[in-house]
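User: I'd like a close look at one part of this model, please. Here it is.
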Amino acid sequence: MQHRSAVRTIEAFILEQERKHPEATGELTNLLYDIALGTKVVGAAIRRAGLMDILGRAGAVNIQGEEQMKLDVFANESMKSALHQAGRVCVMASEEDPEPTLLADSDGARYAVLIDPLDGSSNIDVNGAVGTIFSIYRRVSEGKPCVDDVLQTGNKQVAAGYVMYGSSVMLVYTTGSGVHGFTLDPTIGEFVLSHENLRIPDTGVYLSVNESNFYRWSRGMQLAVRAFHGEQPEAMKAKNSRYIGSLVADFHRNLIAGGIFLYPGDSKNPRGKLRLSYEANPMALIAEQAGGAATNGVDRILDIQPTELHQRTPLVIGSKKDVEVVTKTLNGATS
Ligand code: F6P
């Protein structure tokens, strides 16, 4: 067994990284730590989710006469309270809330944060993996905080990450110099460094896409997916299909092992399903920082200017060469 002194906690690691930047004030470190703390609270509730059937379902009244909160509501409240308490954030936007929360009591706060508190929540009922996604921007407002603080292009993110609540709880983040992964050690309650400087293979082995939408996709998208099936074995080896239906879990597997995740637009939903600012941008920054790529099929995700907070976007993300196959096939199909 490894001696405890060899363990690098997330706090120690971020501080170490920050020392490389003498101008840093430590505020971003603390903010990341606030987020990590919020996700520990969410993770603990997720662990008990299966017991809800025995102890009473969400919406039911518990023994103290309090109504039990649904897990997605609980995750939202927990993340918001973890972020609010320390006064480091001027605006918080959550995928669960229609409007951003402007925090008037945080005059000196320099950061704006977007969160998807419980991504892939349909997996909860079947004991599947879910996640929390976060994205941090520098404040742009000078007076009162405003929606512009959370409507910035993804290439302005100062940090982004996710926590995956799977067989173990893992936090993966980037501040723009590589991607690092931490695993929660439940015995000490700390995220410890387990995956330093993650790199996604240039070509992946996995294909992750909801193929029940196949007949609603454009011809180009159908061709790209058929190419991944290995329709022309001389051009490309067939990929293995893996789809959980939880972006964090699907993305995480492909980040570690190499692969491509697609959620294209289709004839019913031309802009796809996923949210640009809450899901696509943070994952795109991580993918690029790990050597991968992310587009909407045509344009780089991180360059898209959001015009509304809950804007949706098609997403093609993962191993660089696989993402290129999609771009080329879509171009070929339209030219
Ligand atoms: O946006 C929420 C989400 O659950 C993602 O985590 C996931 O990738 C996607 O939706 C799954 O959608 P579908 O059930 O349509 O495949």
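Predicted model: local features only at pLDDT ≥ 70, side-chain atom pairs only at ≥ 80, totals over all residues.

Analyst: Numbering runs from 1 along each chain as its sequence is written, and side-chain values use heavy atoms, leaving out hydrogens and water.

The chain has eight helices and 13 strands, taken as DSSP runs (H or I, at least four residues, for helices; E, at least two, for strands).

Now the ligand. Around it sit Asp119, Gly120, Asn210, Tyr243, Gly245, Ser246, Leu247, Phe261, Tyr263, Lys273, Leu274 and Glu279, each with a heavy atom within 4 Å of it. That shell splits into five nonpolar, four polar and three charged residues; here Ala, Val, Leu, Ile, Met, Phe, Trp, Tyr, Cys and Pro count as nonpolar, Asp, Glu, Lys and Arg as charged, and the others, Gly among them, as polar.

Ligand oxygen atoms pair up with three of these residues: a backbone N or O atom of Leu247 at 2.8 Å, a side-chain N or O atom of Lys273 at 2.9 Å, and a polar side-chain atom of Glu279 at 2.8 Å. On its own the ligand has 400 Å² of accessible area, and the protein covers 80% of that (Shrake-Rupley method, 1.4 Å probe).

Zooming back out, 54% of the 335 residues in the chain are buried, meaning under 20% relative accessible area with a 1.4 Å probe and protein chains only.

Definitions and conventions. Polar contact = N/O pair within 3.5 Å; in protein donor to acceptor, adjacent residues only side chain to side chain. Buried < 20%, exposed > 50% of the residue type's maximum accessible area, 1.4 Å probe, protein only.
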